[in-house]
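Subject: A structure for you to explore

Hi there,

Here is the structure I promised to pass on. Have a look around it first, and then read my notes below.

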Amino acid sequence: MPDNEGQHSVARRDGGWKRVVLKLSGEAFAGEEQLGISPKVVGYIAQAIAEAVAKGIQVAVVIGGGNMFRGAELSRGGMERSRADYMGMLGTVINCLALQDFLERLGIETRVQTAIHMSQVAEAYIPRRAIRHLEKGRVVIFGAGLGAPFFSTDTAAAQRALEIGAQAVLKGTQVDGVYDSDPRKNPAAVRFDRLDYNEVLTRGLKVMDATAVSLCMDNGLPIVVFDLMGKGNILRAVQGEKIGTIVCPPDV
């Protein structure tokens, strides 16, 4: 094990990232449908991750569960919030297993680790074991969020990235970066190339939830927001190329 295990200090490779956490929304997995899993989308994501692994980049993934259940919405419908959140966590695991299947069809060794124990389908989340898998060239997919209600998978992505010593959280979205307003509703919306954490929080910009942004800010962990489905974008983001919007300390 390297001396810097678990710290945000993994060396950069050729100007790019060496170890990253890729944050994917559950909604993306549904493709053009509202619910379910699109084999076309998951296959596309798996192929891009496989290309990154072939280049020696260590990739961990956190997936949301919005294509299955959304705890907050179920709660607004009258369900007890913590129970609704646990249902959402289980939905993320379904997505994890789907991505694992597509990656392994491509010959990429993959491990799913979950914050809720379910030993028949996944490993328990153990940071040291996750790091070891990554060092061996395996993809690690983290499921079930943080294993506790009231926390989003954005926060889980930031937490896991810090625990495994990743250099960045890469958030794939439906737009090509962070805007001052919703570009799908406002054609005059302005995209940012670079932001600092405080600006994201004070302006309420839609990057990640405030808990996740604060966690990254406290530890100087960059967040890159990019268009997930743009051709070649996942590989560009994972390689550390300039893409989308980067949120980082002002002096970096």
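Let me begin with charge: the protein carries 29 positive and 28 negative side chains, and the centres of these two sets are 3 Å apart. Please keep in mind that this is a predicted model.

Now for the overall build. Nine helices and eleven strands make up the secondary structure of the protein. Its radius of gyration is 17 Å, close to the 18 Å that the globule rule gives for 252 residues, so the protein is as compact as a globular protein of that length. If you follow the C-alpha trace along its principal axes, it spans about 50 × 50 × 35 Å.

Among contacts with a separation of 6 or more, 71% are between residues 24 or more positions apart.

Which residues of helix H5 (residues 127-135) are buried? They are Ala130, Ile131, His133 and Leu134. These four cover an arc of only 160° around the axis, which means they sit on the same side of H5. And what do the buried residues of H5 pack against? Their partners are strands S1 (19-24), S2 (58-63), S3 (110-114), S4 (123-124) and S5 (139-143), together with helix H6 (153-163). After H5 comes Gly137, which has a positive phi, near 85°.

Enjoy exploring!

Best wishes

Conventions:
Residues numbered from 1 in each chain as written. Predicted model: local features only at pLDDT ≥ 70, side-chain atom pairs only at ≥ 80, totals over all residues. Heavy atoms only, no water. Buried < 20%, exposed > 50% of the residue type's maximum accessible area, 1.4 Å probe, protein only. Helix = DSSP H or I, 4+ residues; strand = E, 2+ residues; numbered from the N terminus. Arc of directions from axis to C-beta. Contact = heavy atoms within 4.5 Å. Rg over C-alpha atoms; globule rule 2.2 N^0.38 Å. Lys, Arg positive; Asp, Glu negative; His and termini not counted. Charge placed at Lys NZ, Arg CZ, Asp CG, Glu CD.
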